[in-house]
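Work through the exercises below with the model open. Each task is followed by its solution.

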Amino acid sequence: MNQPTIGLAHHCGPSQGQGQLQGPEGDAQLLIERLLSGMTLLEESSDHVLEVVAVLESYGHVLDAYSLNLIHQAQREFLNPLPVFRFFNGALTPARLWRHLLHDRINFEYAEYCQRSMLWHGTGGLDTYLDSEAFLATCTRVIRQRCRRDPLLAALQQGFPGFLPEQIRSSATASALGQFWRVMSDLFLDLARAQCSGAVNSIAAVVRFIQDGLVAAAGAPITYSVDVGGVAFGILPPEAGLTFLVDVAVPYVEAVFLRGTPFLGTVSFNAQARQIPHDQSQFTYGALYADPLPTMGAGIPPSLLMQDMRRHLPPELEQHYALEGRGLGDLYVKICTSFQKAMFCVTNAAIAGTFPHPLTSEDPLEREANHAYAAAWVERLRIARIDCLPATEVVAPEALARGGIELGANQGLG
C-alpha cells in the first residue's frame, strides 16, 4: 500500500562500501543489526551531515512559526466557529493581509494538517484522555459557560451536541502539538549551533544530540487551560499526567512519520479500488514512506512545508544543491530528500532512547527483548524509503560536462 506523499526523488547512487542495503530481507536484517549495535540508520558521510543539520536548522525556524500559531489558535480562537483570521496571530494589519493574499507568508495549513492527522489517528495517552469522562465533564462546563454569552453557539450546541466537544478536542491537540514543536524547534536550532561550534561533526553525533534532547524533555508536562468569561478551565490539567515524549511525541511520530493520510490525486478513494486500507493502523502514507513524486503538486500538504523551509534554507545547503544533479532546478525535490534523511535521524534517536534495556546488557532475556523491539520497528521501516540511507557521492555539473554530458539551458526542467 505504498503511496506517493512528500515528493521525494532518490537522485544519487548508493555507496559501494560494506553494509549496502540489498533486498527486503537483507535490508531488514541489516537495519536490526545497526540498531542493536548502536549504529545510525543513515550512513556516515560529510554530505549527510551537511544536509541533515542544515535542513533541520531550516525546519527549526519553520517549527517556531508553526508552534506560535497553533498555540495562538488554541488560546485566542477557542470555540470560534469561523476563525477566518487565525493565521495572523492576533496582529492583523493591511500590510500583513496584503502579503497573505499574495502568499508571501508561512503556510500554516501544513501545521493544521499535522494537527488533524494526530487528532484523527488518535494514538497514545493524549487521545486516551480526550475520550475520558473527566475531559467530557470539562467540555460540558466550558460549553455551558460559553453558551451563556453566545446564543449562536448555544443554538449550535442544541442542534449538534457533538460538534463543540470535538472542537475542544481539536484545540487541545493544537496546543499539545504547539508545545511539542516548541521543544523540537529549540532542539534543531541548538543542533545547528552545536555543529557550527564543532561539537557535532558526524551523523552519530547528530542522532546522539537529538536523543539527548528528547530524553531531557521526556517528562515535561503538557498542560492547556483557557479563560471563558473570566473563568479558567483546565482542558489538559496537570492532574491528567500528560508528558512530552509518551503522550505527544510518540503519537506524532505515529501519525505524521508513519501513518499519514492519502492525498487527493495520488490514490483512488473509491472503496471498490481497495487502494486505501480499511484499518488506519495499516496506513503507510507518512514521511518515511514517501515515494518519488514531483513536488509542489496541488493537494500535497507537505509541499507547503517545502516552500516554508525554502524561505529559511542555509546558504551552505543551497550551494551544495547547486552542485548536485540539476542544480537548483529541482530544489524542492532536494529539500524533500534531505528532510526525509533528517526524519530518519529523528526516528533513529527516538528508537535508541526507548530501548527496553541497555544495548550493552549481557543478560539473554534483555538482549532478546531489545532484539524484539528493534525487529518490530524494522518491520515497519523496511518498506519505507530506506534507499536514501546509504552514503552518496555528489557529481558536480562541471564534472558531468568534462565527462561528455553537455548541460543545456533547460537543465532544471523535466
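Buried means under 20% relative accessible area, exposed over 50%, and partly exposed in between, with a 1.4 Å probe and protein chains only. The model is predicted: local features need pLDDT of at least 70, side-chain atom pairs count only at pLDDT 80 or more, and totals for chains, interfaces and linings use all residues. Residues are numbered from 1 along each chain as its sequence is written, and side-chain values use heavy atoms, without hydrogens and water.

**Exercise 1.** Classify the ring pair of Tyr 66 and Tyr 110.

Step 1. Take the rule: rings of Phe, Tyr and Trp (its six-membered ring) pair if their centres lie within 6.5 Å; planes under 30 degrees apart are stacked, over 60 edge-to-face, the rest tilted. The count by this rule is 17 aromatic pairs.

Step 2. The centres of Tyr 66 and Tyr 110 are 6.2 Å apart and the planes stand at 45 degrees, so the pair is tilted.

Step 3. Tyr 66 is in helix 2 (residues 46-76) and Tyr 110 in helix 4, 44 residues apart. Helices are DSSP runs of H or I, at least four residues, numbered from the N terminus.

Step 4. Check burial. Tyr 66 is buried at 0%, and Tyr 110 is buried at 4%.

**Exercise 2.** Do likewise for Trp 120 and Phe 283.

Step 1. Their ring centres are 5.8 Å apart with planes at 50 degrees, so this pair is tilted.

Step 2. Trp 120 lies in helix 4, Phe 283 in the loop between helix 10 (244-259) and helix 11 (302-311); the pair therefore ties together parts 163 residues apart in sequence.

Step 3. Trp 120 is partly exposed at 46%, whereas Phe 283 is buried at 4%.

Technical notes. Helices (H or I, at least four residues) and strands (E, at least two) are DSSP runs, numbered from the N terminus.
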